[in-house]
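Visitor: I have a two-chain model on my screen. Could you walk me through it in questions and answers?

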Amino acid sequence: MRKVERLVNLVALLLDTHRPLTLDQVAELVPGYEATGESLRRMFERDKEELRGLGVPVERGPIDPWGSEEGYFIDPRAYAMPRLDLAPDERAALALAARAWSGPSQDPSALSGLSKLDLDPGAGPDALRANLDGASPVLATLIDAVTRRKRIVFTYRPPGRSPSERQVNPYALVHRRGTWYVAGHDSKRDALRSFRLSRIESGVRLAKPTGRGPEFEVPEWFDAGEVLPTAGEPDASPIATVRAGRAAARLAELRGAKPDGDEGPDGRVTLRMPIIDRDGFVDWAIGNGVEVVEPEELRAQARGRLEGLLAQVEGGST
Amino acid sequence: MSRGPAQRSPEASAAGRLQRLLVLVPWVMAHPEATVDEVCERFGMTRESLAADLELLFMSGVPPYGPGDLMEAWIEGERVHIGLADYFASAPRLTWREAAGLYLAGRALAGLRELDEHGALERALAKLEAVLPADQLDRIQDLASRVSVDLGGGESERNHRAILSRAAAASQRVVLEYYSGSRGDLSRRKVDPWLVFTAAGHWYLVGYCHRAGGERLFRLDRVVEVEPTDEPFERPAEFDPVAYSKSPWGGAFDEGLECELDLGPQAAWVADWLPILSSRRRPDGRLRVKLATHELAWVVRLVLRLAPDAEPVGPPELRHAVAEAVRRELAVYA
């Protein structure tokens, strides 16, 4: 008898029973529990844990009013997903959220929640798709660690440097510009850091896999938005001066740039604009033919990167 | 095309299969009209695995497992029938993972006011909160307070996205003023907006461009202006939003000039996002990828943006074009 068949019969029996059943009764009634004594008990414990992991609440209770012996049952009210009674636009909105969470992979296990709510993954006009990549296994581990306040270990490669192992108390998960970051306290550096998931080279594992209970507290002053500012806060951002041709200047205006003076004789415009996303600002400028004038540090970065590329294409190193 | 770690198939474990069965049985009982194809599509399974599931159910039930105790489970014509399974009439509650994912995504999207003008998502989330067990809800709300999702983009991008997603949902044509990254110029065009979506950290619009006379992809942060019109359009029936958002660059890189790039670690994401023809690891650790394009200027812009983490290897046209573009840009830094 295969395991899945044993489990189907077990759930059916425990849902159907009117009184708790002892382990011996379960073993007698459900095909597949051929073991006895301690190994039967271990087998049943494993099955029970597996069912709990699936959200099936196997409960324990006295089999009679005298409490002489304990047995197992599933309370159908605790088991069953209650009806949500959603209006059509609410159904469409929730389906949209589920699609965003599962991302383009449309992982059936990420969408299984929808069938439990009797929602159609395709509900509503399919004219908008956000992608939160929620089915990523690394993210699942991080969600677990953040919720249970567990310290994590992983190998991280920062931009332009060699990879190293990090131990982090994960305070928060942050999604910016299509990527997840984990923010928290880096033990070795004794400082607040954020790590981009795509730069984590190993998997993420718990520092103490078997440890019980929380391993840190998130400080009151911690604010995830401060570690990785959102795009919608230009007032708080430092200001850059850039120069661009007319078309690229319109593009810069979309990022909050304001023209500073008139067009130059070369047809280029000087603008002042907020540096909303420091990481991507230079990428954006050199990718769109925009000259960074100030701050000097970013200007040097832009120039240095372009010179590096020129050396590559002129060097014929390959 | 590599796209992160492989998905774990629900077939892979007994737990995964059981999880599916516990949802499938009540769903089929609540939808007695459902056909084999509908069930397969909804649960992401093949006809063979559905048949195997029904066979398993047919042999299962409650003691003493006589004829009236086993479930009915079979295919009648094209319909799926499951009966005598009253104990499985309801789906099990959401697991904490399912509830957390739905809730986090819902909170993130509800933050996009323009997408939830009538508060449908807020209302749906409130109903969800009301039925979650108290301990699960506590855990999820604690998690939600530790998760910050910003799908926003700048103010103008948000406004444009609002107009475009409304026009796409209502099948109404728009007029775009658009900045072309590869040519560095502005143009006005009439577009049938098919789908607004995110990919690789940006919002995009795909639709039929009347100026180009074909399907085009637009990056929302390059849309300078949008005007809705009241001209209706029809999205082609063969356009599949799921397949499209999975591989938005689809056929664009299948043919044309073949370009080779050496990608350093900072540029390695390109290999995940562009449909590359081939890739191999170089002795220096960089990834050499090959992609084909009809628009060399596009690849030049990509190389510039990644500079110097994506080295153009060949063909000579690409190296020359990059060298020329870099010299032009560097001239202003002199």
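This is a predicted model: local features need pLDDT of at least 70, side-chain atom pairs count only at pLDDT 80 or more; totals for chains, interfaces and linings use all residues.

Guide: Residues are numbered from 1 along each chain as its sequence is written, while chains are lettered from A and ligands numbered from 1 in the order in which they are written.

Visitor: How many helices and strands does chain A have?
Guide: Helices (H or I, at least four residues) and strands (E, at least two) are DSSP runs, numbered from the N terminus. On that basis chain A has 11 helices and 12 strands.

Visitor: What percentage of chain A counts as buried?
Guide: A residue is buried if 20 or more other C-beta atoms lie within 10 Å of its own, exposed if 12 or fewer, and partly exposed in between; C-beta atoms are placed from the backbone. Chain A has 318 residues, and the buried share is 39%.

Visitor: Which domains does the assignment give for chain B?
Guide: Domain bounds come from an automatic or database domain assignment. The C-alpha centres of domain 3 and domain 4 of chain B lie 26 Å apart. The assignment divides chain B into domain 1 (10-88), domain 2 (96-144), domain 3 (155-247) and domain 4 (251-331).

Visitor: Which helix gives the largest share of the side of chain A that touches chain B?
Guide: Two residues are in contact if their C-beta atoms, placed from the backbone, lie within 7 Å. By that rule 103 residues of chain A are in contact with 110 residues of chain B. The largest share on the chain A side is 11 residues, and they come from helix α1 (residues 3-16) of chain A.

Visitor: Which strand of chain B pairs with β5 of chain A?
Guide: Two strands pair if DSSP finds at least two bridges between them. Strand β5 (residues 164-176) of chain A has four bridges to its partner, in the parallel sense. Leu173(A) stands opposite Val147(B) there. The partner is strand β3 (residues 147-150) of chain B.

Visitor: Which residues have the most contacts inside the largest nonpolar core?
Guide: A nonpolar core is a set of buried Ala, Val, Leu, Ile, Met, Phe, Trp, Tyr and Cys residues joined through C-beta atoms within 7 Å. The largest one has 168 residues. Those with the most contacts inside it are Val11(A), Ala97(A), Val242(A), Ala252(A), Ala105(B), Leu109(B) and Val303(B).

Visitor: Which residue of chain B does Val11(A) touch?
Guide: Leave out residues up to four places away in sequence. Val11(A) then touches Leu51(A), Val56(A) and Ile74(A) in chain A, and in chain B Leu22(B).

Visitor: What covers the buried residues of α9 of chain A?
Guide: Helix α9 (residues 246-254) of chain A has buried residues Ala248(A), Ala249(A), Leu251(A), Ala252(A) and Leu254(A). The cover draws on both chains. It includes β9 (239-244) and β11 (269-274) of chain A, together with α7 (155-169), β4 (172-180) and β8 (223-232) of chain B.

Visitor: What are the edge strands of the four-strand open sheet in chain B?
Guide: The order is β10-β11-β9-β12 (chain B), with antiparallel pairing. An edge strand pairs on one side only. The edges are β10 (278-281) and β12 (310-314) of chain B.

Visitor: Which residue is the bridge partner of Asp262(B) in β12(B)?
Guide: Strand β9 (residues 257-263) of chain B is joined to β12(B) by four bridges, and the two run antiparallel. In β12(B), the partner of Asp262(B) is Glu311(B).

Visitor: Is Ala73(B) buried or exposed?
Guide: Ala73(B) lies in strand β1 (residues 72-76) of chain B. Leaving aside neighbours within four places in sequence, its contacts are Leu54(B), Leu57(B), Phe58(B) and Ile82(B). Ala73(B) has 22 C-beta neighbours inside 10 Å, so it counts as buried.

Visitor: Where is the cis peptide bond of Pro295(A)?
Guide: Pro295(A) is found in the loop between β12 (291-294) and α11 (296-315) of chain A. Omega is near 0 degrees. The cis bond runs from Glu294(A) to Pro295(A).

Visitor: Is Asp85(A) buried or exposed?
Guide: Asp85(A) sits in the loop between α4 (76-79) and α5 (88-102) of chain A. Its phi is positive, about 50 degrees, although Asp85(A) is not a glycine. With 8 other C-beta atoms within 10 Å, Asp85(A) is exposed.
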